[in-house]
Amino acid sequence: MIDLKATARSSSLLRPTTAESALVSPKAQLSAGPVADASRSMPARGFSQVDSFEPAIINRRQPRGMSAMEGASDMLSAPAAFAPRGLPPELQNLAPAPAATQAPDPAPQQASNGVPSANDKRPAGDNRSAAQIVDDTPALKNLGRQKDIKFDQLCKQTGVDPKLDLKDPKQNADGVYRLAKVLEFIDSAKASTGGDRDSKVKGGVGDGNIEGITKDGDARHGTEAGMVKDFAEKGYSFLGEHQLPTTKDTHVKADGSNKDNFQWAAGEAGKALWFLPGVSNVLTGVGNSEGGFKGVLEGAAKGYVNTLKGAAEGVIGSITKGRANPAGMIFGGVMGALGSTEAAPQPVKDIANMF
């Protein structure tokens with residue numbers, strides 16, 4: 001006998017429930033969500049999760065989402081891929097940077113100590129011709145051809161062709177440049193004591209006139225012309241300290257220029273009369289002047305003013321030292337004037353300045 005109630009009950013169990021059918025709806029299968037989300041709902045009691053799906057759904061291709069275990073399994077089963085050796089493709093076609101090349105040393109202009117050198121050449125970018133260099137260098141442009149200038153020997157020392165004019169287009173421009181540097185070096189030299197020659201050199205640049213040549217063409221020692229003569233005879237080895245050589249020639253002034261016969265006589269008289277401050281200073285001023293009528297007047301006035309200044313300082317000194325009486329003031333004035341006398345011996349001036 002067939003139990004109808006049991007049969008009905010079994011039939012009802014074989015039909016999927018409404019909730020289970022909703023989980024496997026076509027819309028859910030096409031969604032981006034993983035199937036694993038559907039498995040979170042508990043299946044009907046007594047049946048596995050697979051039993052609750054229709055055969056068509058089981059055979060359908062699974063969506064893109066997969067469980068962590070399935071992804072790991074696929075990665076293990078895939079063939080191993082190795083990174084290619086070498087540089088990345090975008091870097092393979094890059095050319096190597098060219099090696100840095102050292103720029104050639106510029107043409108030497110002067111020795112590191114500022115003294116002209118036999119290796120001097122026009123600096124980079126200086127394309128002047130020999131004629132342009134001459135025009136740009138007053139000391140060279142105004143250079144005479146007196147016997148002690150020894151022009152041919154100057155040319156030999158610097159590489160200038162003496163058979164050609166300095167401005168000749170065929171002239172060695174670098175040689176003319178070297179000659180110009182030597183003359184500028186001499187023209188801007190300091191005094192023999194190492195002091196500045198304010199009347200001849202301004203801002204380190206000479207006045208463009210090589211001085212020290214006598215009327216007979218002789219170059220006096222201790223002058224610019226004397227240095228030119230020494231360079232012509234000895235070459236670059238002569239050029240050392242940037243100052244005039246010391247000399248005992250009484251015709252040479254402290255600034256390296258010559259004294260004419262009148263100046264020389266006045267200077268010598270000033271030295272001999274050093275014990276007469278006013279007279280000595282005036283005569284010494286004339287001897288050290290630039291020469292000519294105007295120069296003589298200016299030199300005499302300068303010597304006279306120096307005497308008055310020294311005497312005034314002596315008078316003031318006597319007053320401050322408690323000798324404010326006529327005799328003390330006269331004595332102080334004389335001592336002050338004597339202390340400022342240029343031609344007086346140095347020990348005498350030191351003693352005079354003590355009073």
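Buried means under 20% relative accessible area, exposed over 50%, and partly exposed in between (1.4 Å probe, protein chains only). Helices (H or I, at least four residues) and strands (E, at least two) are DSSP runs, numbered from the N terminus. The model is predicted: local features need pLDDT of at least 70, side-chain atom pairs count only at pLDDT 80 or more, and totals for chains, interfaces and linings use all residues. Residues are numbered from 1 along each chain as its sequence is written, and side-chain values use heavy atoms, with hydrogens and water left out.

**View 1. The whole chain.** The protein chain has 16 helices and 2 strands. Of its 355 residues, 33% count as buried. The accessible surface comes to about 23,100 Å²; carbon and sulfur atoms account for 59% of that surface. Accessible areas come from the Shrake-Rupley method with a 1.4 Å probe; for residues, only the protein chains shown count as cover. Contact means heavy atoms within 4.5 Å. Among contacts between residues at least 6 apart in sequence, 55% join residues at least 24 apart.

**View 2. Helix α13 and its packing.** The buried residues of α13 are Pro277, Ser280, Asn281, Thr284, Gly285, Val286 and Gly287. They pack against α12 (261-272), α14 and α15 (326-339).

View 3. Glycine 291 sits in the loop between α13 (277-287) and α14 (292-320). Its relative accessible area is 18%, so it is buried. Beyond neighbours within four places in sequence, glycine 291 is in contact with Gln263 and Val296. Phenylalanine 262 is 29 residues away in sequence, with a C-alpha to C-alpha distance of 8.7 Å from glycine 291.

**View 4. The largest nonpolar core.** A nonpolar core is a set of buried Ala, Val, Leu, Ile, Met, Phe, Trp, Tyr and Cys residues joined through side-chain atoms within 4.5 Å. The largest one has 33 residues; Leu140, Leu154 and Val176 have the most contacts inside it. At least two residues of this core come from each of α7 (130-136), α8 (138-141), α9 (151-158), α10 (173-187) and α11 (224-234). Helix α10 gives the most, with 8 residues. In soluble globular proteins, nonpolar side chains tend to be buried together. Not counting residues up to four places away in sequence, leucine 154 touches Leu143, Ile149, Leu179, Val228, Phe231 and Ala232.

**View 5. Proline 162, between α9 and α10.** Proline 162 lies in the loop that joins these two helices. It is partly exposed, because its relative accessible area is 41%. With neighbours within four places in sequence left aside, its contacts are Asp152 and Cys155. Aspartate 152 is 10 residues away along the chain, and the two C-alpha atoms are separated by 5.8 Å.

**View 6. Salt bridges.** A salt bridge is a side-chain nitrogen of Lys or Arg within 4 Å of a carboxyl oxygen of Asp or Glu. The structure holds 13 of them. Lysine 167 pairs with aspartate 135, the closest N and O atoms being 2.7 Å apart. This pair links distant parts of the chain: lysine 167 is in the loop between α9 and α10, aspartate 135 in helix α7, 32 residues apart. Lysine 167 is partly exposed at 38% relative accessibility, and aspartate 135 is partly exposed at 38%. Aspartate 136 bridges to arginine 128, with the closest N and O atoms 3.0 Å apart. Asp126, Arg128 and Asp136 are linked in a network of salt bridges. Aspartate 136 is partly exposed at 45%, as is arginine 128 at 23%. Lysine 190 and aspartate 196 form another bridge, at 2.7 Å between the closest N and O atoms. Here lysine 190 is partly exposed at 35%, whereas aspartate 196 is exposed at 56%.

**View 7. Glutamate 211, a buried charged residue's surroundings.** Glutamate 211 is found in the loop between β2 (205-206) and α11. It counts as buried, because its relative accessibility is 16%. Its side chain makes a polar contact with the side chain of lysine 200 (2.6 Å). A polar contact is a pair of N or O atoms within 3.5 Å; within protein, one must be able to donate a hydrogen and the other to accept it, and residues adjacent in sequence count only if both atoms are side-chain atoms. Residues up to four places away aside, glutamate 211 touches Lys200, Thr223, Glu224, Ala225, Gly256 and Ser257.
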